[in-house]
Amino acid sequence: MHAKVFVTETNSFGCIQSDSMPVTVMTGPTPSLTGSNTGCLDNSSTYNYSSSLAANCDYSWSVNGGTILAYNGINSITVKWNNAGTNFISLTVVNTASGCDSTVMMPISVSSIAAPVIQPPVMSGCVPLKVDFTGNTPSPGQTYAWMFGDSFYSLAFNPSHTYTSAGSFTVTLITQNNTGCADTASGVVNVFESPDASFTHNYLGDTYFIDESKLILNNTSTGGSQYLWTFGTGDTANAFEPLYTYRTPGNYMITLTALNATGCKDIMQYPIEVRLRESFFVPNAFTPNGNDVNDYFSIKEENLATFNIKIFNRWGEVIYTSKDKDFKWDGTYNGSTVKQGIYGYTITTTSFNGDEHTFNGTITLMK
């Protein structure tokens, strides 16, 4: 386009003089930019010069708050954002033939996102394995999506998950903020198969009598390579099916722990009731006549821990008591021989296992 520039000069006396000069007006470049006006910290975005490329033009890009990672020709750049907040991209286009230039700026709102963390205290263990994921502190508006690798998922920022089968599972965590910025982390959880501890013994639901019984253990475990037995007495054994003998009455718990090569274990328990055979015999008559034959009323017992006997006359009066299992009643009361007849008794016993029993009966005193 052509134009004229006019100049008029007037001096102090009012004299006027004019002149003119032809001017050629060149058209300057009119650059414009395309690309998202939002960005994510530590992420990259691409921005383009959207006008038509003109001949004899130089293009100069600059970025505030980020780093140019790549020039995609002269009309496009890829930027990594280093600072959160409002940053800028500018493009200056210079027409080298005319010297005309123009600059366009685009403000970019860059937001940050807390990096996702897969940080459980353990990443391997035995079935069932509970994994507590920790380490995530979300920014406002930040969401989380967990995929645990076994068809289960969670939207919590620090979830817990229990693996119920063995295998190697890839855990993926995707986090996103309210401006669309996203980040991903992954990790691997290794879950090992556990053995199955199982056994029976020949006194399930029955009583083991000391000096009369033999304990037979049947180990039906699978997947184990080592075994630990405890018998409730402080004794242990490592054999597959050990031999064991109980020597003291009581109620005990037999425990089998099965372990495999990965250190996984399983436990099974069964109780056993261990007893001494307890018995006593009470005669029904005695003859305290001094002939050294059946002169005393006494009993025969086996394995009684405590003993108490009370003998009554026909009116219910206690005429004899003893706590001695080896007692011998000679048929006297207060130093005198009682009359011939039938006398009642009550016997109370306690076994070595703490069981109490009471027996009532009669004894005939004959002269």
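Leaving aside its neighbours within four places in sequence, which residues is Ser322 in contact with? Select Ser322 and find out: Phe307, Asn308, Ile309 and Phe327 are in contact with Ser322, once neighbours within four places in sequence are left aside. Contact here means heavy atoms within 4.5 Å.

Before moving on, a word about what is on screen. This is a predicted model, in which local features need pLDDT of at least 70 and side-chain atom pairs count only at pLDDT 80 or more, while totals for chains, interfaces and linings use all residues. Residues are numbered from 1 along each chain as its sequence is written, and side-chain values use heavy atoms, with hydrogens and water left out.

**Stop 1: around Ser322**

Stay with Ser322, which sits in strand 29 (residues 318-322). Strands (E, at least two residues) are DSSP runs, numbered from the N terminus, as are helices (H or I, at least four residues). Ser322 has a relative accessible area of 13%, so it is buried. Buried means under 20% relative accessible area, exposed over 50%, and partly exposed in between (1.4 Å probe, protein chains only).

**Stop 2: Asn87**

Next, jump to strand 9 (residues 85-95) and pick out Asn87. Asn87 counts as buried because its relative accessibility is 4%. Its side chain reaches the backbone oxygen of Asn83 at 2.8 Å. Not counting residues up to four places away in sequence, Asn87 touches Asn64, Gly65, Trp81, Met106, Pro107, Ile108 and Val110.

**Stop 3: the largest nonpolar core**

Select Leu215, Trp229, Phe231, Tyr246, Ile254 and Ile272: of the 20 residues in the largest nonpolar core, these touch the most other members. Such a core is a set of buried Ala, Val, Leu, Ile, Met, Phe, Trp, Tyr and Cys residues joined through side-chain atoms within 4.5 Å. Strand 21 (226-230), strand 23 (250-259) and strand 24 (265-275) are the elements that give two or more residues to this core. Strand 23 gives the most, with four residues. Zoom in on Ile272, whose contacts beyond four places in sequence include His201, Tyr203, Tyr208 and Leu215. A second, separate core has 18 residues, among them Ile299, Phe307, Ile309 and Tyr345.

**Stop 4: two salt bridges**

How many salt bridges does a search of the whole structure find? There are two. A salt bridge is a side-chain nitrogen of Lys or Arg within 4 Å of a carboxyl oxygen of Asp or Glu. Side chains of opposite charge can pair when their charged atoms come close.

Show Glu212 and Arg277, whose side chains meet in a salt bridge (2.9 Å, N to O). They link distant parts of the chain, 65 residues apart: Glu212 is in the loop between strand 19 (207-209) and strand 20 (217-219), and Arg277 is in the loop between strand 24 and strand 25 (279-281). Glu212 is partly exposed at 48% relative accessible area, and Arg277 is partly exposed at 36%.

Then show Arg275 and Glu273, which meet in a salt bridge (2.8 Å, N to O). Is Arg275 buried or exposed? Arg275 counts as buried, at 9% relative accessibility, whereas Glu273 is partly exposed, at 32%.

Note on methods: A polar contact is a pair of N or O atoms within 3.5 Å; within protein, one must be able to donate a hydrogen and the other to accept it, and residues adjacent in sequence count only if both atoms are side-chain atoms.
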